[in-house]
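Please open the model in your viewer and keep the selection panel at hand. The stops below each begin with something to select.

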Amino acid sequence: MMAPHFKQVAIVGVGLIGGSLGMILRRQKLADSVVGIGRRVENLKTAVEVGAIDRYVSDPREGVEGADFVLLATPVDTYERHLREWAGCLKPGAIVSDVGSVKGELVTRAEALLPPSVRFVGAHPIAGKEKTGVAAGSETLFSGARCILTPTAKTDPEALQTVRVLWELAGSIVLDMDPFLHDKILGAVSHLPHVAAFALMTALADVRDHGLPELDLASHSGGGLRDTTRIAASSPEMWRDIFLWNRDNVVSLIETYERHLGELKRLIAAGDAAGIEKQLDQAKYEREQLTPRTSGKS
């Protein structure tokens with residue numbers, strides 16, 4: 001399929017992901033006009049300055065009117081509110097897509113809230129940085145990173161192909177996945193690690209504040225702590241919504257993690273050197289199977 005060309009693209013939520021895709025759309029001349037929609041005018045002004053959008057509006061209904069392609073790049077908990085507000089303003093044939101880390105029920109709701117003439121394609125680009133905001137955006141953000149599309153029986157094939165080519169042009173490795181399977185898999189490889197990193201940092205803060213005041217996390221930590229907890233610097237607002245929208249999978253995975261953590265605790269308490277080494281050997285083997293093809297952050 002040839003590269004898509006849109007007369008007007010509307011990006012709702014011009015942050016790191018939305019802003020980076022806006023830069024790509026403009027640099028590759030895939031759109032005549034890219035309109036940014038958001039709450040904070042200062043952020044939208046920055047988006048214009050860094051080349052992520054051509055112009056901005058504060059009223060999303062004005063921004064999406066006439067758009068061929070609308071990218072929903074706000075926190076996942078806001079999707080329903082946004083779609084209820086401006087879905088009726090979309091022109092027939094428009095494509096709406098997203099970049100959320102949760103799919104499942106959100107895809108189902110989006111399809112139900114959009115007019116029959118508007119086509120929805122769920123997407124999850126697995127790329128990011130600890131720094132958020134459009135100022136941290138980059139045209140190379142998605143290079144070599146995976147982007148998961150989550151089509152359903154209702155997905156228009158032409159719209160799916162358009163979104164696929166768009167993300168390929170952005171440099172992504174694109175694959176398709178059932179939206180509910182997506183949430184189970186990403187719950188395991190992305191959401192649970194974030195739970196562990198957040199919990200570890202709060203646990204260490206608890207140790208410092210209630211038992212070891214001499215513990216200076218900044219000066220005493222080495223690469224191990226920094227590597228293990230890097231993702232704990234991610235957006236609390238974004239991850240709050242991800243945990244809540246994928247709560248059943250996340251809770252089940254936490255219970256599995258607690259079971260393995262409890263087993264390691266038991267082995268250490270019992271002084272079982274052989275048992276400890278067996279667990280660590282298994283973990284080491286699994287870690288060594290990870291390769292650069294899993295690059296990208298989520």
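The tour visits a loop, then a sheet, then a pair of helices.

This is a predicted model, in which local features need pLDDT of at least 70 and side-chain atom pairs count only at pLDDT 80 or more, while totals for chains, interfaces and linings use all residues. Residues are numbered from 1 along each chain as its sequence is written, and side-chain values use heavy atoms, with hydrogens and water left out.

Select Lys29 to begin, in the loop between helix H1 (16–27) and strand E2 (31–37); helices (H or I, at least four residues) and strands (E, at least two) are DSSP runs numbered from the N terminus. Phi of Lys29 is near 55°, a positive value in a residue other than glycine. Most residues other than glycine have a negative phi. Lys29 is exposed, with a relative accessible area of 65% (exposed means over 50%, with a 1.4 Å probe and protein chains only).

Next, select the 3 strands that form an open, mixed sheet in the order E7-E8-E9, where two strands pair if DSSP finds at least two bridges between them. Strands E7 (123–125) and E9 (173–176) stand at the edges with a single partner strand each, so one side of each lacks a neighbour in the sheet. E7 runs antiparallel to E8 (residues 146–149), joined to it by 3 bridges, and the bridge partner of His124 in E8 is Ile148.

Finally, select helix H5 (residues 104–113) and helix H7 (residues 179–210), whose axes come within 7 Å and cross at roughly 150° (axes are lines fitted to C-alpha atoms over the stretch in contact, and angles run from 0 to 180 degrees between N-to-C directions). H5 and H7 are therefore roughly antiparallel to each other, a term for angles over 145 degrees. Their contact (heavy atoms within 4.5 Å) is made by Gly104, Glu105, Val107 and Thr108 of H5 and Pro179, Phe180 and Asp183 of H7.

Definitions and conventions. Buried means under 20% relative accessible area, exposed over 50%, partly exposed in between (1.4 Å probe, protein chains only). Angles under 35 degrees count as roughly parallel, over 145 as roughly antiparallel, 65 to 115 as roughly perpendicular and the rest as oblique.
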